[in-house]
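This report describes the architecture of one protein chain, moving from the whole to selected parts. Please keep the sequence and the model in view while reading.

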Amino acid sequence: MKKTATLLCVPLMAKSAEGMVSGMNQAKAQGADVVEIRLDCIDNFHPQKDLEIILKDKLLTTLIVFRPKWNGGFYEGDEHGRIEALHLAKDLGADYVEFELKVASKFMEEHRNSPSRGTKNIVSFYVNGETPSEQELKYIISSMQETRANIIKLVTNAADITELPKIFNLFSICQVPLIAYSSGERGLISQILSPKYGGFLVYGSIDGDSIPGLPTLASLIEVYKVDCINKDTKVFGLISKPVGHSKGPILHNPVIRHVNFNGVYVPMFVDDLQKFFSVYPSPDFPGFSVGIPYKEAVIEFCGEVNQLAQSIDAANTIIRRPSDGKLIGYNTDCEAAITAIEDALVRAHRCTNGKTSLNSPLKDKLFVLVGAGGAGRALAFGAKSRGAHVVVFDIDFDRAKSLACAVSGEVRNFEELAKFQPEKGAILANATPLGMQPSTTRIPVSEASLADYELVFDSVYTPKKTILLKEAETAGAIIVSGVEMFLRQAIGQFNLFTERQAPEELMREIIWDKF
């Protein structure tokens, strides 16, 4: 049973009426409430014939759209014929028909007395270019309401995630049901969070239909559980650029629900940290994960920094303190990565020696680190704390040198890495994005050197076993996937986000089942 009134809608852009019917069947099977039929996508569209095929014995509630080229669609024909086709859809039993604000008043008045079988009118406005000011958006909303539409729809194209609160604020002032969102990758959360603000419907694509910035219907239902999102839902997000690779929502959301916490975890494509934190001060956003490339830069925006994060000078977790709204920075990467490496070494030594030392297995080992960014800093400080000797490589020599000095280690030019031959028994840790999807074919070191490493760790976790790990395993090294680091740091984050103890076994089950 749905817990929110927000409907799930799948846009269909098939090139034939039969294709629309097929898409409707798929959408129903995947749990949609509504399908949006884009008539302008149908080749050689014949209104009477095609609409009868689409609307006869329809399996789902239908929203009929016929977008002209002047408003971002594909239709280039006669304007009168386009509007007549929309009114024909009403006559044939469409549940909703969309008219653009530019033409709505005139044609709704002309057909005011036409029988419509209960069809409801949606008046829409698509913003081209930069998102207007909040005052201008309110004026547009008012203009649409004046048409006496049953529902109004406002769509922008976000150039920055900081534009979205303008959209969220419109729901509280609108006097009729509102569909409002921003398209594109930076606008993704405007779809996911629509139920929180009372949106009439949220769009999701059928699996396999890739639409930029549009979540899949399956993710809305299974990952984000939008039917459970309400005005009191707390929003946790991953601040990153890019962000599409993240598996965080797949892990955090089911665990949040498992402990009966009213929250949702979403990906947040952030271009400018300063703008982001100035626009998202709301207590509704109480915590963030921090990803590439912001783990170091985010320290500047924290009112306080946990001692470990301060020593590393990098944070991967931000918590908003309820009492004063101050941002507190933490680092759960360090212990996550180092304990994953230590545990793998202990297991290997136990198998070969039958016993383990009380000291860290990293003590006195050469720790070769590739990448001196936020994840690299966590690894370097963790290795140093265990008594390892750290050698740092980074394409930015000054950054590598700064990190090496901070951990009393050694710095090498990045160009030397391809020919670098470590001492036997060394540890290699990749803390760069090399090998991450979609660029999965590159490794940061030479294949020939892999046989000299006792253990190879890769912070990349998509794919689970990178080409670096595959080649290291072939060379005889112990391998540790970034998945293990991801799991352990996520456990620490979950504890900070919810102030509850993470269900570790459940999280591990999800990781190995879903990744």
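A residue is called buried when its relative accessible area is under 20%. The model discussed here is predicted. In helix H10 (residues 248-258), the residues that count as buried are Gly248, Pro249, Leu251, His252, Asn253, Val255 and Ile256. These buried residues of H10 pack against helix H9 (217-223), strand S9 (234-240), strand S10 (263-269), H17 and H18. After H10 comes asparagine 260, which has a positive phi near 60°.

**The protein as a whole**

The protein contains 18 helices and 20 strands. Its C-alpha trace spans about 85 × 50 × 40 Å along the principal axes. Of the 515 residues, 55% are buried. Among contacts between residues at least 6 apart in sequence, 69% join residues that are at least 24 apart.

**Helices**

Helix H17 (residues 482-498) and helix H18 (residues 504-514) meet at an angle of about 145°, and their axes are 11 Å apart. Their crossing is right-handed. On the H17 side, the residues in contact are Val483, Glu484, Phe486, Leu487, Ala490 and Ile491, and they meet Glu504, Met507, Arg508, Ile511 and Trp512 of H18.

H5 has 12 residues and reaches 16 Å from its first C-alpha to its last, which is close to the 16 Å expected at 1.5 Å a residue. The buried residues of H5 are Leu137, Ile140, Ile141, Ser143, Met144 and Gln145.

**A parallel sheet**

Six strands form an open sheet with parallel pairing, in the order S17-S16-S15-S18-S19-S20. Strand S17 (410-413) and strand S20 (478-480) are the edge strands, each pairing on one side only. From one strand to the next, the twist averages 20°. Within this sheet, strand S15 (residues 366-370) pairs with strand S16 (residues 389-394) in the parallel sense over 5 bridges. Leucine 369 stands opposite valine 392 in S16.

**Two residues in their surroundings**

| Residue | Relative accessible area | Class |
|---|---|---|
| Threonine 6 | 3% | buried |
| Lysine 225 | 31% | partly exposed |

Why is threonine 6 classed as buried? Its relative accessible area is 3%, and the class applies because this value is under 20%. Threonine 6 is found in the segment before strand S1 (7-12). Not counting residues up to four places away in sequence, threonine 6 touches Asp33, Pro195, Gly199, Phe200, Leu201 and Val202. With glycine 199 there is also a polar approach: the backbone oxygen of glycine 199 lies 2.8 Å from a polar atom of the threonine 6 side chain.

Lysine 225 is located in the loop between H9 and S9. Leaving aside neighbours within four places in sequence, lysine 225 is in contact with Ser219, Leu220 and Arg257. How far apart in space are lysine 225 and alanine 406? The two residues are 181 residues apart in sequence, and their C-alpha atoms are 44 Å apart.

Technical notes. Residues numbered from 1 in each chain as written. Predicted model: local features only at pLDDT ≥ 70, side-chain atom pairs only at ≥ 80, totals over all residues. Heavy atoms only, no water. Helix = DSSP H or I, 4+ residues; strand = E, 2+ residues; numbered from the N terminus. Expected span 1.5 Å × (residues − 1). Buried < 20%, exposed > 50% of the residue type's maximum accessible area, 1.4 Å probe, protein only. Polar contact = N/O pair within 3.5 Å; in protein donor to acceptor, adjacent residues only side chain to side chain. Contact = heavy atoms within 4.5 Å. Pairing = 2+ DSSP bridges. Axes fitted to C-alpha atoms, helices over the stretch in contact; angles between N-to-C directions. Left-handed = near helix turned anticlockwise from the far one by under 90°.
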